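Subject: Structure for you to look through

Hello,

Here is the structure I promised to pass on. Please open it beside this message, and read my notes below with it in view.

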Amino acid sequence: MTGMANATLPDLTVGELSRRSGVPASALRFYEDEGLIRSRRTAGNQRRYCRDALRRVTFIRMSQRVGMPLSTIREVLALLPDDRTPTRADWARISQCWREDLNARIRQMEQLRDELTDCIGCGCMSLAKCRLANPGDRLGADGPGPQRLADHRADSYDDCKGH
């Protein structure tokens, strides 16, 4: 039914999509250049977006808010059908792609919250020299960056590519 309703409504201009999504037109053009959304061109070379672009833009913005890089967002959006408006089932399927990744990010944020207080609480402000959290800079041998907070898992959305 959604597909039939969308077929009777005109496509959106870049200004209309910007207004409806709250995303600047420049960002919409960037998303299009990056292959995240698509438009067609009128005889006057103006962009026109299918109505489902509004959902895709919302998905992009929400994904960015939880820290997903555009390359990952592009790969997941590629799993949606091009020949029709995505259904609720389509969106549910791709949302499962990131479930474990989002759970891992939540765990990482909770760990950061809990351990950051302890680190600042000791007063030394240097994990390289801290005798409590990192005696002898033993974490330095594990590589650069925040080793206690580093997440070394593979991207979980790779499992969805075959679906």
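The chain has an accessible surface of about 10,700 Å², and carbon and sulfur atoms account for 53% of that area. Please keep in mind that this is a predicted model. The chain is made of 163 residues, and 30% of them count as buried.

There are 7 helices and 2 strands. Starting at the N terminus, the order of the elements is α-α-α-β-β-α-α-α-α. Among contacts in the chain with a separation of 6 or more, 59% are between residues 24 or more positions apart.

Now the inside. In soluble globular proteins, nonpolar side chains tend to be buried together. In this model the largest nonpolar core has 25 residues. Leu17, Leu28, Tyr31, Phe59, Ile60, Ile73 and Leu77 are the ones with the most contacts inside this core. Two or more residues come from each of α3 (25-33), α4, α5 (70-77) and α6 (88-97). Helix α4 gives the largest share, 5 residues.

Two residues show some of these contacts in detail. Leucine 77 touches Leu36, Arg56, Phe59, Ile60 and Trp91, with residues up to four places away in sequence not counted. Serine 63 is in α4, which covers residues 53-65. Is serine 63 buried or exposed? Serine 63 counts as buried, because its relative accessibility is 4% and the cut-off for buried is under 20%. Leaving aside neighbours within four places in sequence, serine 63 is in contact with Met68, Ile73 and Trp98.

In α3 the buried residues are Ala27, Leu28, Tyr31 and Glu32. Viewed down the axis of α3, these buried residues fall within an arc of 145 degrees, so they line one face of the helix. The cover over the buried residues of α3 includes α2 (14-21), β2 (47-48) and α4. After α3 comes glycine 35, which has a positive phi, near 80 degrees.

Which residues of α6 are buried? They are Asp90, Trp91, Ile94 and Cys97. Down the axis of α6, its buried residues fall within an arc of 100 degrees, so they line one face of the helix. The exposed residues Arg88 and Ala89 are carried on the face of α6 turned away from its buried side.

Leucine 112 belongs to helix α7, residues 99-122. With a relative accessibility of 30%, leucine 112 counts as partly exposed, because that label covers values between the limits for buried, under 20%, and exposed, over 50%.

Last, a loop residue. Proline 24 sits in the loop between α2 and α3. Its relative accessible area is 43%, so proline 24 is partly exposed. Proline 24 and valine 14 are 10 residues apart along the chain, and their C-alpha atoms are separated by 9.1 Å.

If you want a place to begin, find α4 in the viewer: it provides the largest share of the core and is part of what covers the buried residues of α3.

Regards

Terms used
Residues are numbered from 1 along each chain as its sequence is written. This is a predicted model: local features need pLDDT of at least 70, side-chain atom pairs count only at pLDDT 80 or more; totals for chains, interfaces and linings use all residues. Side-chain values use heavy atoms; hydrogens and water are left out. Helices (H or I, at least four residues) and strands (E, at least two) are DSSP runs, numbered from the N terminus. Buried means under 20% relative accessible area, exposed over 50%, partly exposed in between (1.4 Å probe, protein chains only). Contact means heavy atoms within 4.5 Å. A nonpolar core is a set of buried Ala, Val, Leu, Ile, Met, Phe, Trp, Tyr and Cys residues joined through side-chain atoms within 4.5 Å. The arc is that of the directions from the helix axis to the C-beta atoms. Accessible areas come from the Shrake-Rupley method with a 1.4 Å probe; for residues, only the protein chains shown count as cover.
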